[in-house]
Amino acid sequence: MKRIATLLLAVFILGAIAVAEGTLSINGAGATFPYPMYSKWFDEYHKKNGNLQINYQSIGSGGGIKQVTEGTVDFGASDGPMNDEQLKAFQDKHGFPILHFPTVLGADVPTYNIPGVSAELNFTPDAIAGIFLGKVTKWNDPLIAGANKGVSLPDNDIVVVHRSDGSGTTYIWTDYLSKVSDEWKNKVGKGTSVNWPVGLGGKGNEGVAGLIKQTPNAFGYVELIYAIQNKMPYGRVKNSSGSFIKADLGGVTAAAAGAAKSMPDDFRVSITDAPGKTAYPISSFTWLLVPAKFSDSAKRDAIKGFVKWMLADGQSQTEALSYAKLPKEVVAKEMKALDSIQ
């Protein structure tokens with residue numbers, strides 16, 4: 001009996017090792033902006049491909065760019081495309097590029113916590129830039145009150161909240177501010193991390209959402225799904241056509257309409273402050289960052305397989321989590337670009 005038990009144990013252990021050896025792990029890291037969507041996709045794809053496990057660390061776009069360029073993950077993720085210097089440095093070192101693959105469309109929203117005020121507020125570009133420059137300091141400032149007739153705004157100091165980590169959500173926000181405010185563009189600029197003139201820092205969309213919820217008179221920015229999931233009020237933003245637009249799937253899709261038809265081959269494009277009466281002005285694509293060459297063919301094929309699934313079946317799952325689908329023209333262009341991964 002002991003011998004049989006020993007043999008059965010050995011068979012079990014060998015079987016477990018075989019299962020473990022048959023499982024391929026792909027590691028990625030980066031943006032928190034699309035994390036709810038990626039988490040859903042990776043789980044769904046694993047159900048269809050039980051021998052593949054995609055692990056993703058939601059550490060911010062800056063971290064995603066750093067880790068993929070250093071080779072500590074198989075792919076990165078960012079809401080702000082890598083700049084020319086970053087791409088050149090990687091290409092010069094490795095002899096092949098990092099490719100950008102748009103995955104989904106989302107939006108940054110201005111969110112706030114004003115005791116006694118439950119109204120859905122309107123924000124002009126001047127008001128948002130003024131708040132983050134530290135020039136608009138009271139909730140009843142004319143730049144805010146003027147766009148919110150009939151709302152009783154308090155004479156309370158605004159507590160500005162921003163990201164403390166390298167963040168694509170910040171890239172989108174500061175890219176927008178750089179387009180609508182020359183002062184912001186010249187003094188602060190755009191980036192995944194900037195020198196903030198004022199404010200408190202929170203780590204990740206989760207950290208910023210938490211800070212705003214617990215801080216009276218706070219004002220900050222989070223990705224749309226985080227505002228919805230945390231039941232946080234968020235305001236309408238005046239777009240380039242003069243309309244106050246609340247972030248939703250239609251407004252984000254409208255912002256991408258023009259870019260879809262003239263998408264560059266490397267997919268690096270900005271759609272903040274886009275034209276169009278219904279376009280939500282703080283919208284963006286978000287990208288997977290994938291090396292163009294892999295030494296491990298199994299990992300290469302697994303990543304290409306996932307991206308193909310994401311561009312097809314995965315797009316049908318986006319709207320349930322308040323992300324907008326990729327335009328068909330972009331999907332078709334990406335399918336062709338996948339062939340360049342070796």
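Trainee: Which elements each supply at least two residues of the lining of the second largest pocket?

Mentor: In this predicted model, α4 and β4 (98-113) each do that. β4 gives the most, with four residues.

Trainee: How many residues line that pocket, and which lie nearest its centre?

Mentor: The lining of the second largest pocket has 13 residues. Nearest the centre are Pro-97, Ile-98, Leu-99, His-100 and Asp-266.

Trainee: And what is the make-up by class?

Mentor: Seven nonpolar, three polar and three charged residues line the second largest pocket. The space in that pocket is about 190 Å³.

Trainee: How much space lies in the largest pocket, then?

Mentor: About 290 Å³. The largest pocket is lined by 17 residues, and Gly-71, Val-73, Asp-74, Pro-291 and Phe-294 are the closest to its centre.

Trainee: Which helix has the largest share of that lining?

Mentor: α3, with three residues. Both α3 (61-70) and α4 (84-94) supply at least two residues each to the lining of the largest pocket. By class, that lining splits into six nonpolar, six polar and five charged residues.

Trainee: Why is α7 called largely enclosed?

Mentor: Because twelve of its 13 residues are buried, where buried means under 20% relative accessible area. Among them are Tyr-171, Ile-172, Trp-173, Asp-175 and Tyr-176. Gly-168 and Val-180 are also buried.

Trainee: What happens at the start of α7?

Mentor: There, a side-chain oxygen of Ser-167 comes to within 3.0 Å of the backbone nitrogen of Thr-169.

Trainee: Next, Ala-209. Where does that residue lie?

Mentor: In helix α9, which runs over residues 204-214.

Trainee: Is Ala-209 buried or exposed?

Mentor: Buried: the relative accessibility of Ala-209 is 1%, and the cut-off for buried is under 20%.

Trainee: Which residues is Ala-209 in contact with, leaving aside neighbours within four places in sequence?

Mentor: Val-222, Asn-230 and Met-232.

Trainee: What separates the C-alpha atoms of Ala-209 and Glu-223?

Mentor: A distance of 9.4 Å, with the two residues 14 apart along the chain.

Methods. Residues are numbered from 1 along each chain as its sequence is written. This is a predicted model: local features need pLDDT of at least 70, side-chain atom pairs count only at pLDDT 80 or more; totals for chains, interfaces and linings use all residues. Side-chain values use heavy atoms; hydrogens and water are left out. On a 1 Å grid over the protein atoms alone, a cavity is a set of points where a 1.4 Å probe fits but cannot get out, and a pocket is an open set with protein on both sides within 12 Å along at least five of seven lines; lining residues have an atom within 4 Å of a point. Grid points are joined across faces, edges and corners, and a volume is the space filled by probe spheres set on the points. Ala, Val, Leu, Ile, Met, Phe, Trp, Tyr, Cys and Pro count as nonpolar, Asp, Glu, Lys and Arg as charged, and the others, Gly among them, as polar. Buried means under 20% relative accessible area, exposed over 50%, partly exposed in between (1.4 Å probe, protein chains only). A polar contact is a pair of N or O atoms within 3.5 Å; within protein, one must be able to donate a hydrogen and the other to accept it, and residues adjacent in sequence count only if both atoms are side-chain atoms. Contact means heavy atoms within 4.5 Å.
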